[in-house]
Amino acid sequence: MELYFSPFACSLASHITAHEAGILLELTAVTLSTKRTASGADFLAVSPKGQVPALRLDDGSILTENPAVLQYLADAAPASGLLPAVGTPERYRVLEWLNYVGTEIHKACFFPMFAPDAPVEAKAWAREQLDKKLAHVASQLEGRSFAVSDRYTIADSYLTWALTLAQKVG
């Protein structure tokens, strides 16, 4: 499998998940502003969405959207325990975290903060919201080592990326 990624983008969570699952990936860096890979290839030819992560599967097809890629990687290595079994309450708690990070932190807060054409007011609002969202995360993680149950899951991979980026923006 080949993972298209960009440094500090949410594709970091996919890279972490693959590492935790023991899955070897070919890594291809993408410059998001130019939509070019490190070799100069047109990334839009790989993924018309122009966003990472994009995972080229063994059959040549491309899977996109971070929560889907994270679930695919975890399901490819079920013994890793990165995603609890279908039907268990823990699985749905992991999915709940993936959705919270993806919608409330990633898209609602980080996207406007980093969008070059976002109005200054939108960036300020996103920053205020991020503080509130991170306070909620902190309250949920208090006294815990992991987001769900007593083991590392793909929810922790996505949270690791979000907290890394939050630290980067102060």
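These notebook entries record what I looked up in the predicted model of this chain.

**Entry 1. Ground rules**

I worked on a predicted model, in which local features need pLDDT of at least 70 and side-chain atom pairs count only at pLDDT 80 or more, while totals for chains, interfaces and linings use all residues. Residues are numbered from 1 along each chain as its sequence is written, and side-chain values use heavy atoms, with hydrogens and water left out.

**Entry 2. Overall form**

I began with the secondary structure, taking helices (H or I, at least four residues) and strands (E, at least two) as DSSP runs numbered from the N terminus. The chain has six helices and five strands. From the N terminus, the elements follow the order β-α-β-β-α-β-β-α-α-α-α.

I then checked the radius of gyration, taken over C-alpha atoms, against the globule rule of 2.2 Å times the number of residues to the power 0.38. For 170 residues a compact globule would have a value near 15 Å, and the chain agrees with this at 16 Å. Along the principal axes, the C-alpha atoms fill a box of roughly 45 × 45 × 25 Å.

For burial I used relative accessible area: buried is under 20%, exposed is over 50%, and partly exposed lies in between (1.4 Å probe, protein chains only). Buried residues are 44% of the 170 in the chain. I counted a contact as heavy atoms within 4.5 Å. Of the contacts with a separation of 6 or more, 59% are between residues 24 or more positions apart.

**Entry 3. The sheet**

I looked up the strand order, where two strands pair if DSSP finds at least two bridges between them. The five strands form an open sheet in the order 3-2-1-4-5, with mixed pairing. Strand 3 (36-37) and strand 5 (62-64) are the edge strands, each pairing on one side only. Strand 1 (residues 2-5) and strand 2 (residues 26-31) run parallel and are joined by four bridges. L3 has L27 as its bridge partner in strand 2.

Helix 1 (residues 11-21) packs on the sheet and touches strand 1 and strand 2; its direction makes about 150 degrees with that of strand 1. Such angles run from 0 to 180 degrees between N-to-C directions, on axes fitted to C-alpha atoms, for helices over the stretch in contact. Helix 3 (residues 66-76) lies across strand 4 (54-56) and strand 5, at about 120 degrees to strand 5.

I also examined T37, which is placed in strand 3. T37 is buried, with a relative accessible area of 8%. Leaving aside residues up to four places away in sequence, T37 touches Y4, T28, A29, V30 and F43.

**Entry 4. The cores**

Which residues have the most contacts inside the largest nonpolar core? A nonpolar core is a set of buried Ala, Val, Leu, Ile, Met, Phe, Trp, Tyr and Cys residues joined through side-chain atoms within 4.5 Å. The largest has 41 residues, and those with the most contacts inside it are W97, F110, I154, Y158 and W161. Helix 1, helix 3, helix 4 (89-114), helix 5 (120-141) and helix 6 (154-168) each supply at least two residues of this core. Helix 4 gives the largest share, 10 residues. Apart from this core lies another, of seven residues, among them Y4, F43, V46 and V52.

**Entry 5. Helix 6**

Helix 6 has 15 residues and reaches 21 Å from its first C-alpha to its last, close to the 21 Å expected at 1.5 Å a residue. That expected span is 1.5 Å times one less than the number of residues. Its buried residues include I154, Y158, W161 and L165. Helix 1, helix 3, helix 4 and helix 5 are among what covers the buried residues of helix 6. Y158 touches, among others, C10, A13, N66, P67 and L70, not counting residues up to four places away in sequence. G170, which follows helix 6, has a positive phi near 80 degrees.

**Entry 6. Backbone exceptions**

Most residues other than glycine have a negative phi, and most peptide bonds are trans. I noted a cis peptide bond between V52 and P53, with omega about 5 degrees. P53 lies in the loop between helix 2 (43-46) and strand 4.

F8, not a glycine, has a positive phi of about 70 degrees. F8 is in the loop between strand 1 and helix 1, and its 43% relative accessibility makes it partly exposed. E65 also has a positive phi, near 80 degrees. E65 lies in the loop between strand 5 and helix 3 and counts as partly exposed at 38% relative accessibility.
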